[in-house]
Amino acid sequence: MPLNFPFTAIVSQAEMKLAITLCTIDPLIGGVLIFGDRGTGKSTTIRSLAALLPSMKSITGCQYHCNPESKNLCTECEAKKVQGIKLKVENIAVPVVDLPLGATEDRVVGALDIEKALTQGIKSFEPGLLAKANRGYLYIDEVNLLEDHLVDLLIDVAASGENIIEREGLSIRHPARFVLIGSGNPEEGELRPQMLDRFGLSTEVRTPSDFKERVEIIKRRDEFEKNPELFIAKWSKAEEEFKKKILKSQKLLDKVEVGDGLLEVATKLCAHLGTDGSRGELTLLRGVRALAAFEGKKKANLDHLKKIAPLALGHRLRRNPLDDSSSGARIDRAMQEFFATK
């Protein structure tokens, strides 16, 4: 198993790290889309996420990681429950699954197990990446280059939380709830609006302009590549402290109050920006709550909203053919206009 660069050792890119942290505290935020220059640590940051995630309870032997406390179980676990078979429980690592660009639809959704069909004459389902990612994270590098039919498929599954397969004599339905994490370079193509809207937060990353930061990035990466085990051990205390902070934030999350006044400001801001639907407001609500919990506060405030708004709304802005500035610049301008009138 490859060793991942420690999350707390990543230099700069505060906005990207915050977005990932908030989705770890509250997966209902809906995932993160990270666009930016090549070589800015997008993939490194996302792959370091695994070390931050606490273990979760799962039914032993379930290939979909069914939650023993959930009513929404896969067909196999439900059948065992009906038969009165006691379901054993184990603690497992939260899955972080890579969806490669060249993946076929069968690899993603699952398919007939050809080997069993040929050798034993049994129609057996071989789970795909969506099954492996259930209750975890699905990471798509170069998400803007993903084939259209896979984009449509992911949109459907992300909306329903279920993967349904009706093919080759198979009729399978299994839970597929996951947090989407995507990264890409905007120079290589845009992402379809339907897919954009499925990401809760988005952030644009740039090559650091501070030379001290750039030197530190090079030094740390070089140190990691020379001796990964030693470098990870060096940062283990910081990683453990950060993980404890995440766990503490998760416990505090449901106790955080978001007042009606703050929700009213959030709604007016979305109306001012012209965002479609209510997903922007919902993401703002969840985002400010998670940020307040991360800061150890029991009540969200306007500062939390101002910090979350660019992450939650930047990718939801309507396109303006007369304005070729980045979404980050556009939302900064719009927020300055909006809050100047407050």
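Author: Buried means under 20% relative accessible area, exposed means over 50%, and partly exposed lies in between (1.4 Å probe, protein chains only). The model is predicted: local features need pLDDT of at least 70, side-chain atom pairs count only at pLDDT 80 or more, and totals for chains, interfaces and linings use all residues. Residues are numbered from 1 along each chain as its sequence is written, and side-chain values use heavy atoms, with hydrogens and water left out.

Reader: How many aromatic pairs does the structure hold?

Author: Rings of Phe, Tyr and Trp (its six-membered ring) pair if their centres lie within 6.5 Å. Planes under 30 degrees apart count as stacked, over 60 as edge-to-face and the rest as tilted. The number of aromatic pairs held by the structure is six.

Reader: Why does the pair of Phe5 and Phe224 count as it does, and what is it called?

Author: The ring centres of Phe5 and Phe224 are 5.2 Å apart. Their planes stand at 70°, so the pair is edge-to-face.

Reader: How many residues apart are Phe5 and Phe224?

Author: Helices (H or I, at least four residues) and strands (E, at least two) are DSSP runs, numbered from the N terminus. Phe5 sits in the segment before α1 (14-25), and Phe224 in helix α9 (residues 211-226). The pair thus links distant parts of the chain, with a separation of 219 residues.

Reader: Are Phe5 and Phe224 buried or exposed?

Author: Phe5 and Phe224 fall in one class of accessibility. Both are buried.

Reader: What is the angle between the planes of Phe242 and Phe294?

Author: Phe242 and Phe294 form an edge-to-face aromatic pair, 6.1 Å centre to centre. The pair links distant parts of the chain, as Phe242 is in helix α11 (residues 236-252) and Phe294 in helix α13, 52 residues apart. Both residues are buried. The angle between their planes is 65°.

Reader: Which residues form one aromatic cluster?

Author: The edge-to-face pair of Phe5 and Phe224 belongs to this group. The cluster is formed by Phe5, Phe224, Phe231 and Trp235.

Reader: What is the angle at which α13 and α14 pack?

Author: Axes are lines fitted to C-alpha atoms, for helices over the stretch in contact, and angles run from 0 to 180 degrees between N-to-C directions. The axes of α13 (residues 279-294) and α14 (residues 302-313) are 9 Å apart. The packing angle is about 130°.

Reader: How are α13 and α14 set to each other?

Author: Angles under 35 degrees count as roughly parallel, over 145 as roughly antiparallel, 65 to 115 as roughly perpendicular and the rest as oblique. At about 130°, α13 and α14 are therefore oblique.

Reader: Which residues of α14 make the contact with α13?

Author: Contact means heavy atoms within 4.5 Å. From α13 the contact takes Gly280, Thr283, Leu284, Gly287, Val288, Leu291 and Ala292. From α14 it takes His304, Leu305, Lys307, Ile308, Ala309, Ala312 and Leu313.

Reader: How many nonpolar residues has the contact of α13 with α14?

Author: Ala, Val, Leu, Ile, Met, Phe, Trp, Tyr, Cys and Pro count as nonpolar, Asp, Glu, Lys and Arg as charged, and the others, Gly among them, as polar. On that division, the contact of α13 with α14 has four polar residues and one charged. Its nonpolar residues number nine.

Reader: How far apart are the axes of α1 and α14?

Author: These helices pack at about 90°, and α1 and α14 are therefore roughly perpendicular. The contact is made by Glu15, Leu18, Ala19 and Leu22 of α1 and by Lys307, Ile308 and Leu311 of α14. By class it divides into five nonpolar, no polar and two charged residues. The axes are separated by 11 Å.

Reader: How many polar residues are in the contact of α1 with α11?

Author: α1 and α11 pack at about 50°, with axes 9 Å apart, which makes α1 oblique to α11. Thr21, Thr24 and Ile25 of α1 meet Phe242, Ile246, Ser249 and Gln250 of α11. Three of the contact residues are nonpolar and none is charged. The polar residues number four.

Reader: What is the relative accessibility of Gly128?

Author: Gly128 lies in the loop between β6 (125-127) and α6 (129-133). Leaving aside neighbours within four places in sequence, Gly128 is in contact with Arg107, Val108, Val109 and Gly110. Gly128 counts as buried because its relative accessibility is 1%.
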